[in-house]
Amino acid sequence: MNRVNYQVMPGPECYLPPAAASMGVVLPDEGRALVEGHIVTQEEAMSTIAEKLLGAKHPTFFPGPLILWAWSEKAVEKARAIKEMADAVGAKIIPMPDYRPKYPMIDPEEEINPNHPNLTIWHNKIDVCVFAGVHCHYANIALKIIRGGTDCYTIALCGEYGHEDAMITLRDVRAQDIKRLTEVIKKKQAYSIETSLMNV
Amino acid sequence: MNKGIIEISPGFEDVMPREYIDLVNDGPYGRKLGIDDLGTFKEAIEEHPLCAGCALALALRLVLASLPAIEDTIIVGSTGCSSLAFSQVAIHNIHSLFGNQNAVATGLKRALQIRFPNKTKDVVVMAGDGAIGDIGLETVMHSWFRGENITTIMFDNEIYANTGGQESCMSPKRAVLYMAPTGKKFPKAAMPEVAHAAGCAYAATITPASPKRLGKIVNQAILIAREIGSTYIQIYCPCPTNFKFKPSESLKMAKDRVKDETYLIKEYFSPEAREFVEGLEKGGGN
């Protein structure tokens, strides 16, 4: 596999895609973000996220245990912000309440599991997804499996250092960052409605 | 435990799968339930991938129902049949490398005592006879020598069951197994006696054919571990897949082995543990 200019793009890439880090993709510094393996400003990344979500047929949010459970005020605040963002996009929400490899298998209609995220994506024909509140190591596993076996575009809103294996990742994401991103989405939405009305 | 961890964040109630809503509304957390309450609440384990008739599955169900504070319990497991079920359990659990479960549990218990000095967190090792009696015996024994405040529960199916049927130190003498076709040459290891001699405050054997007694033993072993030191429970879990009996006969097998004294029910207390349990029975509570 070519290590020069490796881009983190929608798959299906292969059965066992390489970790993007091993292909030379590095995590962004504070205040920066990653888009398809390249470091960009947070604003550029937010703008691209908005475009991807608004252009998707079946945008879906995958909230993880860090925000699904009300274990702290910050978690609740972040959960509210993610819900508001999903509502703004008109996206479906499919939760990842924990990381148990369910026996005999999960119901892909109503949940996603990091061990077989491809099942939920295939079943619901998800073309763009957002990870939020998923512990980093499970997010990494899931993002790699998704890139390996599906053509879904992955976006990871990470509270820590970001995820190289997502197509777009923001780092240090707090509730206010999610609200800022929601504003970007709403502005783009309004602009596209305005433009389409002008074209009528 | 932070009770918020079992509350759904506002706005997500309608997207949570039924199973989680049931666990939140009717789960065992913070309710001090026991064996007698089985069938009346949403249990921490329901579906699992173990074989039909596996007595380990029943033993695990009974153990989980007997934990004195399930929401503040962390299971440390190891490789083996039991590890296939732990990943289905709706409480914290850690899968350690094969045999180092008691070392992991020691570190975890000590870290939790530092992190949560005013809270009691029960660290319970649950593993098979291979992890505890053979491969992990060193870490097990040393945790007992040090008197770590952890409970070690052995699911004793007397065999390495999911790797083809090799003999373990807990297989009975002369047992003919898939990977021991000429029969085991040595007797079953006397683990309860080893535990007692190594300094365990409490050591006991039991089978899932005596659920109420099993519940009492598990409960008191964990309470003793909190206050005094290491405790050990050995649960006989007949394996129909490797010992070639019908899955419906697992409990009969357990009863028969106890009755014909080829599986001995034992209980050892240190003087402090005896005094502590007598205090509990007099109404000291937990």
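Reply: Start with the angle: it runs from 0 to 180 degrees between N-to-C directions, and the axes are lines fitted to C-alpha atoms. Keep in mind that this is a predicted model.

Me: What makes α3(A) and α6(A) roughly parallel to each other?

Reply: The axes of helix α3 (residues 73-89) of chain A and helix α6 (residues 175-199) of chain A cross at roughly 10°. Angles under 35 degrees count as roughly parallel. The two helices are therefore roughly parallel to each other. Their axes also come within 9 Å.

Me: Which residues of α3(A) and α6(A) make the contact?

Reply: From α3(A), the contact uses A:Glu77, A:Lys78, A:Ala81, A:Ile82, A:Glu84, A:Met85, A:Ala88 and A:Val89. From α6(A), it uses A:Ala175, A:Ile178, A:Lys179, A:Leu181, A:Thr182, A:Ile185, A:Lys186 and A:Gln189. By residue class, the contact of α3(A) with α6(A) holds 9 nonpolar, 2 polar and 5 charged.

Me: Now the charged pairs. Why is the pairing of B:Arg18 and B:Asp22 called a salt bridge?

Reply: The cut-off is a side-chain nitrogen of Lys or Arg within 4 Å of a carboxyl oxygen of Asp or Glu. B:Arg18 and B:Asp22 have an N to O value of 3.0 Å. The pair meets the definition.

Me: How do you know that B:Arg18 and B:Asp22 are separated by about one helical turn?

Reply: Both sit in helix α1 (residues 18-26) of chain B, and they are 4 residues apart.

Me: Why is B:Arg18 called exposed, and what is B:Asp22 called?

Reply: Exposed means over 50% relative accessible area. B:Arg18 has 52%, so B:Arg18 counts as exposed. B:Asp22 has 24% and is partly exposed.

Me: What makes B:Asp26 and B:Arg31 a salt bridge?

Reply: Their closest N and O atoms are 3.3 Å apart, against a limit of 4 Å. B:Asp26 is partly exposed at 30%. B:Arg31 is partly exposed too, at 37%.

Me: And where do B:Asp256 and B:Lys252 lie?

Reply: They lie in helix α10 (residues 250-259) of chain B, 4 residues apart, about one turn of the helix. At 31%, B:Asp256 is partly exposed.

Me: Which residues do salt bridges that share partners join into one network?

Reply: A:Asp98, A:Arg100, A:Lys102, A:Glu111 and B:Glu19.

Note on methods. Residues numbered from 1 in each chain as written. Chains lettered and ligands numbered in written order. Predicted model: local features only at pLDDT ≥ 70, side-chain atom pairs only at ≥ 80, totals over all residues. Heavy atoms only, no water. Parallel < 35°, antiparallel > 145°, perpendicular 65-115°, else oblique. Contact = heavy atoms within 4.5 Å. Nonpolar A, V, L, I, M, F, W, Y, C, P; charged D, E, K, R; others polar. Buried < 20%, exposed > 50% of the residue type's maximum accessible area, 1.4 Å probe, protein only.
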